[in-house]
Structures are given as structure tokens and as C-alpha cells.
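Here's a quick look at the salt bridges in this one. Have the structure open while you read.

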Amino acid sequence: MKAVSKARNGLVSPALCVALATTASISWAATPPVSDAPQAAGSLVLPSSTIEGVSDASSDSETFSGAPAQVGKSNLPLAETPRSVKVVSRAVMDSQQSQSLADVLGNVPGVTAGQYGRRGWDDLIIRGQVASDSLFLDGLRTSASNRVAEQIFGLEQVEVLKGPASMEYGLVMPGGVVNMVSKRPKADPFATVGLSYGTDDFRQGTFDVGTPLSENGKAALRVNGLLSDSNDATDHVGFRNNYLAPSLSLDLGPDTDLTLLASHQDRQYTRQQGLPLSGSINANPNGDIPRHRFTGEPGQDPYHGVANRVGYSLTHRFGNDWTFNQNLRWQTFRLDGQLVANGNMGADNRTLARTAQQQHFDGDTLSLDNNLQHLFDTPYGSHDLTVGVDYLRSRESTRHYACRVAALDVYQPVYGASINCPDTPREWQDSTVRMIGAYVRDNYRITDRWLVTAGLRHDISDTYGTDKLTGARNASPADKTTGAVAVMYELLPNVRPYLSYATSFYPNTGMDFDGNTFKPEEGEQWEAGVKFDLVPGRTLLSMALFDLRRQNVLQQDPRNNGSQIAIGEQRSQGAEIDLTADISDRLSVNAGYAYTWATVTDDGGQTAATAISVGDRLNNVPRHTANLFARYRFNGSPRGWEVNGGINAMSERYTSGYYLPGYAVANVGVAYGAEHWRAALNVNNLFDRQYYAGGLRQAVALGNDRTAIMSVSYNY
């Protein structure tokens, strides 16, 4: 008889955390459990699991709704969560044959991803605010600075919590956070191998295998991995990637879940730097520069990034509705490579000056989160109380060498120029971020219709660094109390309006002209919305209005050239509509629209010609974005024919003094599934619309041209 985990009505909550740090720093953050059966429920968000009964034919991996969200560190279902949270399930990623985190986030209204193009890192903006370093894996921060792009093949789902999230995670920017959920062991044996081929010589092989190690399936092993190799639409640009992720769940009894998680990733790629403004977004008397033109040097050193992770997720249920969770991860990374970037266009409108750098990054992050949750009733309502402590220590060392490279005729390029780098770096710094935070939150259900959720958190952080060239040291200690409060009311059956308020903070590093450390950034957001749980657990329509402010943003000091002051303010206002619907066994839909107006509201009194001014729009933030993706299965199951497709669109954007035109691209796909195999073909940007993904001061990042991917997988 097949075993499966059956959710009971209890909560797997965040538990009281006692951060232990000896000589090394220890980071406490939450690692969530997963929906698949007997894997560890190691996160503070999912219902606990017991092994009994027979496996259900349906699976969260086949639905657009996916498993319960873990990003909020709560067991509240999305329909009863008074915040904007979006889940992109494995089913959506597989139907689209997504290859990057930017591909996945294209399904989330209010998120702009890949604004710097195909540069090898994950770049994203949430509600008008940069959030590239607000990435979490299983509830634990990936790193203080995001350097190596995430491999999404190893993920079960991707979750986005919009707005300030310091109450849950401490030091984060106010736009929001992205939490990625790892694949975990399953109770039943399975194996899948796949091969893919596509545009630009894209070649990829994948495998995902698992087996139970105990009779009840609670102890189980899973290993998934990937090898890929591809070129790019830009000449002389290519990507190589390999990835391996084993996970092991142990059977420590019915009340304890433990899953060990590890991964290894190795990426090699040439950085795609886009095109100069003249000849692309701006007219050039020599005509348009071909979109496939490479403005670097074919002989430049490619980037080589390696990231390793190991950790565990532990949950223990004491009984009487007490649950303890502990989640830990240690990770290291290293990234080296050469950057050849666009400079100014010459007077002849064809000779492009170029700059070059030799870059090195390495670091490690230790994260840890302990939390204790208690469910209890009183004569005045029921409580889901969570108390926790988490700790983070993230270290990074950077070395940058200022190199020289000759100019390039971008209309008739002659490559082969040498890249000359000095022996002494221009910049060599070690930096460390340490944080310990304590938090408490209560989901208080006053009646069946009224829900109040409120929490407070206090963080103590220290960001310090050493200039290895001069020996100078600086430190930016900070402490702050942040919180969140929200009220939700069930106005009609499954119709729940809500109002929420949340704050955040993020330490600024460095010093002002007088040698004083900067005040930390602060953020706050008001949000009002309503959630329509049209078909409970299968179809959710969410609407939200928000007003978000980010304060103490570093700006140029108008009185002291080259110095900064922490006085600036940015504001994002907008509205969002989001629909996730498994309308029937045949039809599933994911759709959204976002209006975002993001501007500078305090420029700190800057006077320089290049300075930003009050009223300026924030870079790369479109006012309007829309997304639609639908899947139709003719047999109502993975077996048989499937068609899918949709659109992604955004309006014009302002960036670095110029505007990028809006665009809309169409994507289509078809697949056929049999008992043991599946074949799929996806074509993105069907009409080969030429557009720009984003812009910098000296270059525009190119959007993806039409691409096609054909894949075949075999499972047994």
C-alpha cells in the first residue's frame, strides 16, 4: 500500500529560538516544510504530517495552486493571509519550461525581473524597490549579497511576499522577499530523466530520483541534478551549468521530522553587457547596431561561480499543540571573471570606448532559526502564537582590478584587443553582516469571521568591513524594532477584505563627510485588499492597494562632493490584481496586472547635473505590467495532449535619464504525456518582438529573442 502524508489541522509553527553562537556566527532563519509526504516539515509554516492511508492520485506538483506558502512563517492559507503573497508552483514552471528565476517571476504582478539582462545574476524589483538581495531558500537568506544565480530545477515552488517583511526576516528591503522551496524526499519511489534541446544550441540533461528507506516511507532519499550548455543570441556569449542536490529524510518517530539538505552548483558564462545607447535606444547616423553584436572581447575570462550548501530542517511536536522548529544552513560561494563594459560613443558615432574589470568575490553565510509555536483557545477566541529568535552571519570578500582595453568599432568590430590588468587591485574589501533578532507574532481569530494578526521584532545588527589596501576599518551598528499588524474580516462566504501595516529596516554602510555612520534605511507600507476564495484551495482572486515609503536612502551630499547622506526618500503606490485558478482538472490559469507609480520624494538637496530630483521615476519600474498563462489538458490529467500559452507585457520605463518603450510578448507550448514519458515544445516571444529588458547609464539590456525548447522525459 502506498504511503502518503495526511495533513491534520494543527500548525507547524515557528518556535522559540535560542541562538547559540560560539566563536563563529550562527544564523537562525526559518526553513519550511514541503507538501510532499513524509518529508520533513521543517518549516514553521506547514501543517504537521503523519504517515497513514493510501496515496492520492492528485498531487500539488500538478496544480497551479501548489502547496501552502511558507514565506510568511505561518500556517494560514493564502485566502486567509492579510498580506499580498504569490506562489508559483512546479506545475507552472514545468509547463513553461522555465530556465531562470526571472522566467518564474514573470508570473508575479508587481515584480520586474532581469532588468540588467542576461548578466548571470538574479536581478529583481518588487513594488518599485530593488530586492535582488532579498532572496531566501527554505526560509533562510541565501546571502547578504546575491552573486550566483539560483538553479530553479531544484525547486518545488517560488513564493513572493510583497511589502516590508522585517518582522519575519529582519534585514530586508521594503519591496518584499522571494522564498524558494527545495524539492524534498517522497514516500514512494520514483525516477525521472530528461533531455532538452533548443535555440542557440541549448542542450540540457536532468534527473530526479527518489526512494524510501523505511517501510512507512518516512525515511527517504532524493537526488536531483542538471547539466546544461548553451550559446546566446549575442555573439561569443555562452552558459555552462551543472547542479546536484541530494536530500535525506530520517525516521525519528511519529513526532519528529528531520530532513538533511545539500546542493552544489557550478556556473560558467560570459557576461552579456547589452548595447550602447547610441545605435539602440537612441538614433545613430550609422544605423542600428545589430542585436547580436558583442561589445566585449571573445578572449576575456568567463565568469566562474561555485556555490555549495548544506543544512537541515527539524520539527518536533511535543503534544498539546506545541511545536518546535529548528532550521540551519551553511553555504559558501566563489565567483571570478572579467567584465568588459560599454563606455562613451566616439565623435564618429561608431567607435565605442570600453572599460574592463577583473572581479573576484567569495564568502560564506551561516543561518539558523529556532521557533516555538503554541495553539490554544480562550473564551475570547483562538490563538496561534509564535515566538522565535534567529541569527545571521554573512561574510564577503571582494577584489576589483581596473583593467584597460582598446575601443571597438561596433559596426565593423575587429576583436583581439588585450585586456591589461594591474597586479594591485583597485578595491579589496572584506565585509561582514551579523544580525540577531527576536520576534513574537499572534494570529488571533476573534470569531469565525474576524482575524487579527500582529507581531513585533527587535534586531541587533552590525555591518563592518576592512579595506585590505589601507587597513582602514569601519562599522555600522544598528538596532531597530519593527512590526506588522493586519485585520481581516469575512464579509461574505469566502470574501475577505483586509487592512495591513508593516515596517522594515536595513542598515546603511559607510560614513558621511564628518565620519558619522549612517542611520539605517526604514520602510513602511499600508495595504488594503480583498481576497475572493472562489473555489477554496483551487481558485484565489486577490486585489490590493498599497502605499510604500522607503526612507534614509543614501544620496549624494550636496555640500561635500564624493560624500553621501542618508536623507532620501522613495515612494511606491499602486494596485495589483492576481488570479491563480485550477478551474477544472483540464483548465488552469495564472494571471495578474499591476499598476506601480514609484518616484523620488526627497532627493537630499542634490545639485549635481547627474543627480536625481524630487519627482523622478525610479529606474526600470514600469507603470503597468500584465501577465497571463493558461494550460489546458484534454484528458484532465498529465497523460494525453496539453496546450498552454500566454502573454507578458509592460509599459514604458524610465531609467538613467531615458525611456525604454513598452512591449508585449506571446508564449505558446504543446505537450503530450504517456504512462512513462512526456514530450513538450515551448516557443517564447512567438512573434520575435525586439524589446529591452532594462537599462543602465551607458547600456541597454536586451530582451530575449524568440526561443524554442523541445524536451523529452522518461519516468518510472
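## A partly exposed pair

Lys480 has a relative accessible area of 25%, so it counts as partly exposed. Glu522 gets the label partly exposed too, at 26% relative accessibility. Keep in mind that this is a predicted model.

The side chains of Lys480 and Glu522 form a salt bridge, with 3.0 Å from N to O. Lys480 sits in strand β24 (residues 473-489) and Glu522 in strand β26 (residues 521-535), so the bridge ties together parts 42 residues apart in sequence.

## A buried pair

Now for Glu297 and Arg354, whose side chains meet in a salt bridge at 2.8 Å, N to O. This one joins distant parts of the chain, 57 residues apart: Glu297 is in the loop between β16 (275-276) and β17 (303-319), while Arg354 belongs to strand β19 (residues 351-378).

Are these two buried or exposed? Glu297 is buried, with a relative accessible area of 2%, and Arg354 is buried as well, at 8% relative accessibility.

## A loop-to-loop pair

Arg538 and Asp585 also make a salt bridge through their side chains, at 4.0 Å, N to O. Arg538 is in the loop between β26 and β27 (539-556) and Asp585 in the loop between β28 (564-582) and β29 (587-602), so parts 47 residues apart in sequence are tied together.

Arg538 is partly exposed at 30% relative accessibility, whereas Asp585 counts as exposed at 56%.

## The wider picture

How many salt bridges are there? The count comes to 43. Some residues are linked up in a network of salt bridges: Lys73, Asp369, Asp390, Arg457 and Asp459.

Conventions:
Residues are numbered from 1 along each chain as its sequence is written. This is a predicted model: local features need pLDDT of at least 70, side-chain atom pairs count only at pLDDT 80 or more; totals for chains, interfaces and linings use all residues. Side-chain values use heavy atoms; hydrogens and water are left out. Helices (H or I, at least four residues) and strands (E, at least two) are DSSP runs, numbered from the N terminus. Buried means under 20% relative accessible area, exposed over 50%, partly exposed in between (1.4 Å probe, protein chains only).
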